[in-house]
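Here is a short tour of one structure, with the cut-offs given along the way. Have the model open as you read.

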Amino acid sequence: MGAEVVVEGLTKSFGRQTIWRDVTLTLPPGEVSVLLGPSGTGKSVFLKSMIGLLKPDRGKCVVNGVDIVRCGERKLYEIRKLFGVLFQDGALFGSMNLYDNVAFPLREHTKKSETEIRRIVLEKLEMTGLAGAEKKLPGEISGGMRKRAGLARALVLDPEIILVDEPDSGLDPVRTTYISQLFLDVNAQSDATFLIVTHNINLARTVPDNLGMLFRKELVMFGPREVLLTSEEPAVKQFLNGRMDGPIGMSEEKDSATMAAERAMFDAGHHAGGVEEVVGIPPQMQPAPGLPVRQGAIRRKDRVMQILHTLPSAAQEGIIESLTPEEQAHYGVHPHHRVETPSWDRTVEMTSVPRHHQGELPAEQVARLPRPGGHRRGDPGPEQLP
Ligand SMILES: Nc1ncnc2c1ncn2[C@@H]1O[C@H](COP(=O)(O)OP(=O)(O)OP(=O)(O)O)[C@@H](O)[C@H]1O
């Protein structure tokens with residue numbers, strides 16, 4: 001099982017510029033988490049802080065009982081071996097072929113024989129769909145292949161935690177979905193803990209178990225995906241819809257005057273961007289058929305059901321609806337049955353009016369269409385229809 005990562009009150013500045021402050025979150029072991037945020041909010045700085053490449057000013061980042069922020073060089077070197085990192089461009093050595101790139105961490109950090117190294121490298125290349133490409137140089141392959149080679153290299157030391165920086169950068173939407181599928185497949189096979197930072201909305205909506213967002217130098221929220229995906233927080237809704245209309249501006253936050261001027265422009269009919277209002281919780285992508293069931297997803301179910309009563313009601317509803325009837329019976333919940341909602345969420349309580357699937361409405365609620373040629377004797381007139 002992957003390691004748990006506990007981040008508490010983490011704060012990072014460069015000189016007088018605060019990047020983010022008081023970031024507190026836990027990456028549950030073996031689950032896939034995504035951290036969203038507008039460009040420049042410090043997502044990459046967060047990843048680098050987690051592996052000790054950057055030193056936060058305050059706070060903790062604890063893995064297996066070791067605080068990465070405070071520990072000495074030797075401990076840090078040991079703990080880093082638990083991490084596999086996929087950087088934006090794959091960070092491959094341009095002069096080495098894919099085989100040597102992927103073999104590099106094994107030759108650097110282990111005493112394995114070349115025979116053993118060959119077995120591992122070929123296995124990871126196969127796993128990432130690169131079998132046969134061993135002799136290619138990074139400059140001879142596509143961006144998507146470079147990312148997959150970066151992932152193969154990140155996997156060779158069997159990491160417990162895999163950090164991924166903007167896997168979609170430079171990739172088309174289809175290739176982004178393929179690499180997302182690969183993350184879930186790797187997670188199913190390894191049970192490693194994943195943290196992916198991105199601003200790709202498709203990926204954020206369909207891949208993770210947990211979702212968070214950095215904005216205004218803070219972590220706006222972090223928790224089960226259903227919380228962020230049903231959030232009424234203006235910055236979150238704007239971000240998920242990719243619109244200009246909202247608090248996020250050209251370079252992070254808008255001031256109130258800009259916001260009012262833009263509001264007037266959009267009210268007058270100017271297109272705010274985006275295609276349609278994106279709402280709700282789409283189904284989560286699953287590992288490819290034939291792969292093991294994700295253990296992280298199984299554990300998550302129990303974990304989330306334990307904290308269900310602390311979540312906003314729309315998220316509760318989404319979580320309950322994602323369970324099978326057997327699971328609902330096991331946990332003693334059923335759709336549209338809310339558990340006690342925290343007081344801060346009273347304003348977004350959902351009505352308990354049952355929703356029905358198409359074709360399942362009770363007969364008395366089905367509107368009758370007028371028949372051609374008017375209604376027959378005995379049929380109710382339109383004024384009598386419910
Ligand atoms: N080593 C550094 N020294 C000084 N400032 C830095 C350093 N690294 C990053 N920054 C600053 O930190 C801020 C956040 O950068 P970061 O790259 O983490 O943002 P991001 O959210 O990953 O953005 P994007 O989505 O565009 O990649 C930026 O203003 C950047 O200039």
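## Ground rules

Axes here are lines fitted to C-alpha atoms, for helices over the stretch in contact, and angles run from 0 to 180 degrees between N-to-C directions. Residues are numbered from 1 along each chain as its sequence is written. This is a predicted model, in which local features need pLDDT of at least 70 and side-chain atom pairs count only at pLDDT 80 or more, while totals for chains, interfaces and linings use all residues.

## The chain overall

The chain holds 13 helices and twelve strands (DSSP runs, H or I of at least four residues for helices and E of at least two for strands, numbered from the N terminus). Of its 386 residues, 35% are buried, meaning that 20 or more other C-beta atoms, placed from the backbone, lie within 10 Å of the residue's own.

## A helix pair

Helix α5 (residues 143-155) packs with helix α6 (residues 173-190) at an angle of about 15°, the axes being 11 Å apart. That makes α5 roughly parallel to α6, a label for angles under 35 degrees.

From α5, G144, K147, R148, L151 and L155 meet R175, I179, L182 and V186 of α6; contact requires C-beta atoms, placed from the backbone, within 7 Å. By class, these residues are five nonpolar, one polar and three charged (nonpolar: Ala, Val, Leu, Ile, Met, Phe, Trp, Tyr, Cys and Pro; charged: Asp, Glu, Lys and Arg; polar: the others, Gly among them).

## Around the ligand

Which residues surround the ligand? They are F14, I19, G37, S39, G40, T41, G42, K43, S44, V45 and H199, each with its C-beta atom, placed from the backbone, within 6 Å of the molecule. Helix α1 (residues 43-50) gives the largest share of this shell, three residues. The shell has three nonpolar, seven polar and one charged residues.

Technical notes:
A residue is buried if 20 or more other C-beta atoms lie within 10 Å of its own, exposed if 12 or fewer, and partly exposed in between; C-beta atoms are placed from the backbone. Angles under 35 degrees count as roughly parallel, over 145 as roughly antiparallel, 65 to 115 as roughly perpendicular and the rest as oblique. Two residues are in contact if their C-beta atoms, placed from the backbone, lie within 7 Å.
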